[in-house]
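Dear colleague,

I am passing on the structure that we talked about, and below it you will find my notes on what was found. Please read them slowly, with the model open beside you.

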Amino acid sequence: MKRWMNIGVIAIAMIILIGVTQVYATNVEVEKKASGTEVAGLEQLLHTADAVIKHADQWVIKWQVAGQGDARTQADKLAADLGLEAPVQDVQTGHIVYRSEGNVGVSESPIGLLLNVASTEQDEYYVIVQLAGGAELDRQALLASHEQVGEVMNKLGLRASWNMSVQGKLSKMSKGNGNPSTIDISNMAQAGVERKAGEQLAALEGKLSGELEMVAIERYEDGATASVSYQASELPLEIQSGAHLLNMQLAVHQVSGQDDARVTVGFPVITIEY
């Protein structure tokens, strides 16, 4: 009887071990699939942004998530896993914030990595991890860093969401150019600024409509700025706005006193100044 009891205990232990191993393997597989999906989504958005902005000079990706627990403890874990220095405590808008920043990628064109963990309520916090690059962006480094952030979030049980904004300039076309890619905005009177920004935006809409199916949902024009939000279901990111799901926002802003217009595209919406 004792012998059979021992065998039974061993069998139960093996079943538990196999079950735990299978659950662990399943979790790892889910994380790998999620990570691969995030990278594929980013590649799709980069391709879409290229169709709008030929020479981008600012790229920003923001991961965001709320959580429960001690903000300082979570900030320390995130910083360590992301390869950043220990966070420094600060106070912003009345909240204690733990902040750390550094660079990733090649030294000629590094990608900025910023971590902010704000203590919102007792035992509650809000995390923002930001990746930012300039004109000479190392895209492979961006993809690798994006994947790393996703893996770190999953490892710590944080169901984070992310968004991306890309910005660049639309320069005035050269005289004599028979195939202008933008509208000539030289010698523009202040009274015509609003119309010109709208025209620039319309030209970009026409160009982008050849890349994906999109429907304009919300449109805004004010002074030197024109902005439109779209539903484009083939894009990987979305946000609810009223009765609609938005996937992309496009904006053109005429810089005061300059011939250049600034164009910004955001997925699913713009989260930087434009």
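Two strands are said to pair if DSSP finds at least two bridges between them, and the strands themselves (E, at least two residues), like the helices (H or I, at least four residues), are DSSP runs numbered from the N terminus. This is a predicted model, in which local features need pLDDT of at least 70 and side-chain atom pairs count only at pLDDT 80 or more, while totals for chains, interfaces and linings use all residues. Residues are numbered from 1 along each chain as its sequence is written, and side-chain values use heavy atoms, with hydrogens and water left out.

With that in mind, the sheet is an open one of 10 strands, in the order S2-S3-S4-S5-S1-S6-S12-S11-S8-S7, and its pairing is antiparallel. At the edges stand S2 and strand S7 (215-222), each of which pairs on one side only, and from one strand to the next the twist averages 20 degrees. S2 and S3 are joined in the antiparallel sense over 5 bridges, and Asp 90 has Val 97 in S3 as its bridge partner.

Helix H3 (residues 139-155) packs on this sheet and touches S1, S3, S4, S5 and S6, where contact means heavy atoms within 4.5 Å. The direction of H3 makes about 5 degrees with that of S1; such angles run from 0 to 180 degrees between N-to-C directions, and the axes are lines fitted to C-alpha atoms, for helices over the stretch in contact. Helix H2 (residues 71-82), for its part, lies across S2, S3, S4 and S5 and runs at about 165 degrees to S4.

Leaving aside neighbours within four places in sequence, Thr 225 is in contact with Ala 197, Tyr 220, Val 252, His 253 and Tyr 274.

Thr 93, by comparison, is found in the loop between strand S2 (88-92) and strand S3 (95-104), and at 78% relative accessibility it counts as exposed. Although Thr 93 is not a glycine, it has a positive phi of about 45 degrees. Finally, the peptide bond from Phe 267 to Pro 268 is cis, with omega near -5 degrees, and Pro 268 lies in the segment after strand S12 (261-267).

Terms used
Buried < 20%, exposed > 50% of the residue type's maximum accessible area, 1.4 Å probe, protein only.
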